[in-house]
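Please open the model in a viewer and keep the selection panel at hand.

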Amino acid sequence: LIGFEPLLTPRLILRRLEPEDAALVQVYAGDRRVAHFTARIPHPYPDGAAAQWIGETHAQMERDAGWQLAIARRADEALIGAIGLEREEARNAAELGYWIAVPAWGRGYATEAARRLIRFGFEQARIDEIHAHALAENTASRRVLEKAGLAFQGFATVTLELRHTNARAACHAATRGTWKPDA
Ligand SMILES: CC(C)(COP(=O)(O)OP(=O)(O)OC[C@H]1O[C@@H](n2cnc3c(N)ncnc32)[C@H](O)[C@@H]1OP(=O)(O)O)[C@@H](O)C(=O)NCCC(=O)NCCS
């Protein structure tokens, strides 16, 4: 077990999600403009689902199987998003995912959070490869991944089970030895 201490960046803290975060998670993640760019966030977001998810994130962290964290602003402690790494069973790799609340878009928060969590993944969790998928039309997220040092690998078809559809996604990845976030 590697244990987990909150991760700091100049403006943000990445910390465990707490039951008190559930109401804001439901509102922010359930926003259509957020949910529809993700594979796993339901829209509409059902009552009770956020509390259940938060409980699952704790169980996952206790097994070192993944780290799904709240993104909060250090200045006012406001929750502005969530970010996570989820390990794959078969190899020492993990998938990165994130969302930022719509009112906080466009200020560089996703990039700042992604760089920090990727660093944690490589340096503390000792993961060999971190990858992420963004829908082909999700320009903002593809830009975040590039800036966080996950290089474009190519397009793939992904299954969006919640939406009963397939979509084209850009695959991005980096390995521990070669990762270098752009400045
Ligand atoms: C993707 C998302 C996390 C970005 O959060 P953010 O904090 O606004 O991102 P940042 O400010 O760090 O960076 C966004 C980058 O995309 C660019 N961008 C934003 N919207 C854009 C658009 N429509 N077209 C082109 N570029 C765009 C910004 O200019 C910025 O790049 P820059 O620094 O070179 O100018 C946020 O929009 C979101 O939560 N979207 C819905 C959920 C989602 O897509 N999650 C990721 C799934 S893979």
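Two axes whose angle falls in the range 65 to 115 degrees count as roughly perpendicular. The structure on display is a predicted model, and the first stop applies this criterion to it.

**First stop: a pair of helices.** Select residues 22-29, which form helix α1, together with residues 49-62, which form helix α3. The two helices pack at an angle of about 110 degrees, and their axes are 8 Å apart. Helices α1 and α3 are therefore roughly perpendicular to each other. Viewed along the line that joins them, α1 passes α3 in a right-handed crossing.

Next, display the side chains at the contact. On the α1 side, select Ala22, Val25 and Gln26; these meet Ala50, Ala51, Trp53 and Ile54 of α3. Sorted by class, this contact comprises six nonpolar residues and one polar residue, with no charged residues.

**Second stop: the loops on either side of α3.** Select Pro44, which is found in the loop between α2 (32-35) and α3. The peptide bond from His43 to Pro44 is cis, its omega being near 0 degrees. Then move to Asp64, in the loop between α3 and β3 (66-73). Asp64 is not a glycine, yet its phi is positive, near 55 degrees.

- Thr111: a polar side-chain atom lies 2.6 Å from an oxygen atom of the ligand.
- Arg143: an N or O atom of the side chain is 2.6 Å from a ligand oxygen atom.
- Lys147: an N or O atom of the side chain is 2.4 Å from an oxygen atom of the ligand.

Conventions
Residues numbered from 1 in each chain as written. Predicted model: local features only at pLDDT ≥ 70, side-chain atom pairs only at ≥ 80, totals over all residues. Heavy atoms only, no water. Axes fitted to C-alpha atoms, helices over the stretch in contact; angles between N-to-C directions. Helix = DSSP H or I, 4+ residues; strand = E, 2+ residues; numbered from the N terminus. Parallel < 35°, antiparallel > 145°, perpendicular 65-115°, else oblique. Left-handed = near helix turned anticlockwise from the far one by under 90°. Contact = heavy atoms within 4.5 Å. Nonpolar A, V, L, I, M, F, W, Y, C, P; charged D, E, K, R; others polar. Polar contact = N/O pair within 3.5 Å; in protein donor to acceptor, adjacent residues only side chain to side chain.
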